[in-house]
Amino acid sequence: MAGIIQFFIPQDKQFFPLFEKATGNLKNISRALVEMVNIRSIEDRRVYIKKIEDFEHMGDSITHDIFNKLSVNFITPFDREDIHALVSAIDDVADFIHGAAKRMDLYKVGELSTSIVKLAELIEKSADELNNAVVELKDMKNIIKIKEACVRVNSIENHADDIFDMAVAKLFDEEKNAIELIKIKEILSALETATDKCEDAANVIQSIVVKHA
Amino acid sequence: MAGIIQFFIPQDKQFFPLFEKATGNLKNISRALVEMVNIRSIEDRRVYIKKIEDFEHMGDSITHDIFNKLSVNFITPFDREDIHALVSAIDDVADFIHGAAKRMDLYKVGELSTSIVKLAELIEKSADELNNAVVELKDMKNIIKIKEACVRVNSIENHADDIFDMAVAKLFDEEKNAIELIKIKEILSALETATDKCEDAANVIQSIVVKHA
Amino acid sequence: MAGIIQFFIPQDKQFFPLFEKATGNLKNISRALVEMVNIRSIEDRRVYIKKIEDFEHMGDSITHDIFNKLSVNFITPFDREDIHALVSAIDDVADFIHGAAKRMDLYKVGELSTSIVKLAELIEKSADELNNAVVELKDMKNIIKIKEACVRVNSIENHADDIFDMAVAKLFDEEKNAIELIKIKEILSALETATDKCEDAANVIQSIVVKHA
């Protein structure tokens, strides 16, 4: 069966450009997030929130296009459920980035902690690795490269987990204002979940590779 | 393939009545919620919580029936995974309505804010639209009507998102008691998630229509 | 179709040992949790947190093995989506147990309430029942036994729900320190979600039985 599917891969002109568009958009939204968390002024951050919102809408529309193609195409380059899971995970990453950014604004959080900055940077790295992996999926010529990118996304997620745990422990130790604690904890949590969703996407990519290798 | 499937649709006497039962139940539970949030007295609300609980159990049993039919029937009017996703989303809406109502009671929240009332009303509207769409799925004669209902569910969800964001920002601005803040935020959050799940259901319906149009 | 599938069941040497390994691991991690919550000293609990972490990693590796086998095997003893859902639910139980234990440590929570101890005990019971059900899945000779185990998992979840609701209501009544309230509520919530995931696993097992009975 893998043989039949591989036969179609080089001919697929429908799905791969959209997959790359999705991970390219993830690179953009995560870069905007990193830029945003390095700005102290709530006012000055607004332009980046607007950017993030726009990228999130673009992501929605790419997701929508892929799901539509999935509905009307009998032949797909990978198993339909893998495409669905991959695209949903990418969409979720963008949603959690947007959610984190929105909260920073709604909760009027001034200076952001180094843990928040660090988590944003890890999300950006994960998005880059996912994009590298997805670009290589097209011809499957460099499977090692795909696998290595996925392994790195997994290890970034572990790192993000540790940063999150330490940041939350510190918050409970030091923040005596419960309302401030809630605000920061929610922002940290949205960022950490974004790295979980990157890992979900990497796991789908790995299972696609296992099936076609 | 669509042709073969459509051939079976008029004959299906098993799934469609259950789908309509599921969205009809959603109409009932959301109406009970709207009635409940307009009552100030925690005591007087109890009769509606009991109603909501009963509808939630009825919903569980409808879901269970559909999943059982899915297990034992080789032929289904739509793709099995679409039926599963649609029914799960409808079940989730009822769960979140029940969760929100239970919290209002457990947390002993007296007067409920206008945002909470507004969100309950939006859930009821969404449930009505979902029911309209599901009734039309049976014969697929009026696809425009199905699509329009789904578009409205999507726009209701956007509206609910905005109300939720504004309510939470207001809460963080005005509520100085952290414990009260937690209570209200959780109720708002359960209601907002109920509208997300309505949107999930509408998205499944739209993708069913795309496949069969 | 059930006939064809049943033909393969006795020959399956790949999936069943791994399913039993997964639920066996769940028994171990939930027993470690029960031991841990009965210890007052945060220091003395550490050895159990380490155990729980190790079991959680072992669970990840079992999950990974099963997903890999799923990717490369054309023939599986049950529907692929059922295997995926069952194994994901088992994996989630371990994750939430680990999450609850980690929070007890990170939040430096001293004596744990009777509700927390009770919820841990219910998780252990659920894990035992799931293991009993999975062991019987192998030859399907004792379907009554499988069904009864699943029913018990469902009733344990209902019981856990009630304990959780009462514990949260009590917390909002009695705990005046919002930060302490957040800590305990999150631990309760992780434990309660673990019983939900046990129920998800039991529901998948029930639907497998319906298909093959």
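Student: Is the crossing of helix 2 of chain A and helix 4 of chain A left-handed or right-handed?

Tutor: This is a predicted model, in which local features need pLDDT of at least 70 and side-chain atom pairs count only at pLDDT 80 or more, while totals for chains, interfaces and linings use all residues. Residues are numbered from 1 along each chain as its sequence is written, with chains lettered from A and ligands numbered from 1 in the order in which they are written. A crossing is left-handed if the near helix is turned anticlockwise from the far one by less than a right angle, and right-handed if clockwise; that of helix 2 and helix 4 of chain A is left-handed.

Student: What angle do the axes of these two helices make?

Tutor: Two packed helices are described by the angle between their axes and the distance between the axes. Here the axes of helix 2 (residues 15-37) and helix 4 (residues 80-106) of chain A cross at roughly 20° and come within 10 Å, axes being lines fitted to C-alpha atoms, for helices over the stretch in contact, with angles from 0 to 180 degrees between N-to-C directions. Helix 2 and helix 4 of chain A are therefore roughly parallel (angles under 35 degrees).

Student: How does helix 7 of chain A pass helix 3 of chain C?

Tutor: Helix 7 of chain A passes helix 3 of chain C in a right-handed crossing, at an angle of about 45° with the axes 8 Å apart.

Note on methods:
Helix = DSSP H or I, 4+ residues; strand = E, 2+ residues; numbered from the N terminus. Parallel < 35°, antiparallel > 145°, perpendicular 65-115°, else oblique.
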